[in-house]
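Biologist: I am new to this structure. Please take me through one part of it closely.

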Amino acid sequence: MRLRPFVALLLLAASGSAAAADLVVSAAASLTDAFQAVGKAYEAKHPGTHVVLNFAASDVLLRQISSGAPADVFASADQAAMDQAAAAKAIDVSTRRDFARNGLVLIVPEGDPAKVASPEGLRASVVRRVAYGDPASVPAGRYTKAALEQQGLWESVSAKGVLAQNVRQALDYVARGEVEAGFVFATDAHLMRDRVDVVADVATPTPVTYPIAVVAGSKHAREAAAFEDFVVSAEGRKILAVFGFQAP
Amino acid sequence: MPLALTLKVALWATAINLVLGVAVAFGLARWRSPAREVVDSVLTLPLVLPPTVLGYYLLVLFGRRGVFGEWLDRLGIELVFTWQGAVAASTLVAFPLVQKAARAAFEAVDPQLEDAARVLGLREASVFFRVCLPLAARGITAGALLAFARALGEFGATLMIAGNLPGRTQTLSVAIYAAVQAGDDRTAGVMVAVISVTCVAALLLAGWLAPGHLRRVRP
């Protein structure tokens, strides 16, 4: 009997969290800052919804979603991860849209200790380590690999490769000066412009585009679709542009 | 390849801890001061702190632009993205396991035996190497095996300081993490089995050597 108030409290807590819809958005690590702003703006327009953001390398998000993680929206940093999600029937393909474009850049720690000026320059022996995302699970790493393969540099650069778990870790390695250079997205480099210098824009064989889709079996499919609409709307684009993302 | 590297790192970490942990433990066991338990608590921190915190400490202290970065650089020592960095991480997390076990073992040595050795004319160093160390050896070995098992599985701090460099710093646990992230469940499964079996073997051996075991089996 003495437990009754406690049980009532528990029920109250449970109902309280269920009343506001928790919309779980799994987004690529490179979207971290932009989607935090997008999420806030969306919540301001939809007071009943609470946007819960989950950031990691796109393939990690894909693994989570295809193993049944309760995500509602998936935004990845390349088409390969989204293609895999579609193949695994993890997303509602009819909702798939591209919402942003980005670029790959070569960055060096502030002051450029190894005097790197281009991807070619990474061959020099003073360049001992180069950071980029693990191509097996990080889109930024896949773009890097494809670009360097096209230039015939992959073999020499990958021998010096430090594989990051996501693009932001590669950025951090460069900012700390633990590596002589690294490959990240232009938007990532911009965030740490006081600690890293962009030395070259790197052409990628496929353009860096970001797809978004509603997760198959989402319990908040309508809300998820509304969030997606907001991301691709003029207002959403404007927020993304602040962080350096271009229209697709 | 990840297995060989993992064994190399764990063996080095255990060897360093055997010297360092035993020396510190002996000092603590013989030191009479109220500060003793404070020092002991600080030294036990690696056991309870999140490995990411330990990795962060290592990175901030020993990174190229870290507090001791320049100093290490002049000595030609590089820890970030090297297997030596993985050894540093494993040594740090496993240190309390050796230190704790060794201290308990030293404190269990009967002081009368040490006194007897001194009366018989042994110098302090000889008392340590011929009386204390042999009597405490069992407990120390058990601690070392636990430390070895812990070092085998070290992940968080290792990933932060040694990174993920296939063939150079990619230990089993880091390789497993990378394989799972890439969706390569088969490779991950094989490595998970290997590390599980190795750790169980080390733990069994540690349990068999642990002090008290002989008393349990002997009537």
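What percentage of the 219 residues in chain B do buried residues make up?

Modeller: First, the ground rules. This is a predicted model, where local features need pLDDT of at least 70, side-chain atom pairs count only at pLDDT 80 or more, and totals for chains, interfaces and linings use all residues. Residues are numbered from 1 along each chain as its sequence is written, while chains are lettered from A and ligands numbered from 1 in the order in which they are written.

Now chain B. Buried residues make up 41% of its 219 residues. A residue is buried if 20 or more other C-beta atoms, placed from the backbone, lie within 10 Å of its own. Chain B has 11 helices and 0 strands. Helices are DSSP runs of H or I with at least four residues, strands are runs of E with at least two, and both are numbered from the N terminus. Along the sequence, the pattern of chain B reads α-α-α-α-α-α-α-α-α-α-α. The C-alpha trace of chain B spans about 65 × 50 × 25 Å along its principal axes.

Next, contacts. Two residues are in contact if their C-beta atoms, placed from the backbone, lie within 7 Å. Take contacts in chain B between residues at least 6 apart in sequence: 76% of them join residues at least 24 apart.

Chain B also touches chain A. Their contact takes 12 residues from chain B and 13 residues from chain A. The chain B side has 5 nonpolar, 5 polar and 2 charged residues. Here Ala, Val, Leu, Ile, Met, Phe, Trp, Tyr, Cys and Pro count as nonpolar, Asp, Glu, Lys and Arg as charged, and the others, Gly among them, as polar.

Technical notes: Buried ≥ 20, exposed ≤ 12 C-beta atoms within 10 Å, placed from the backbone.
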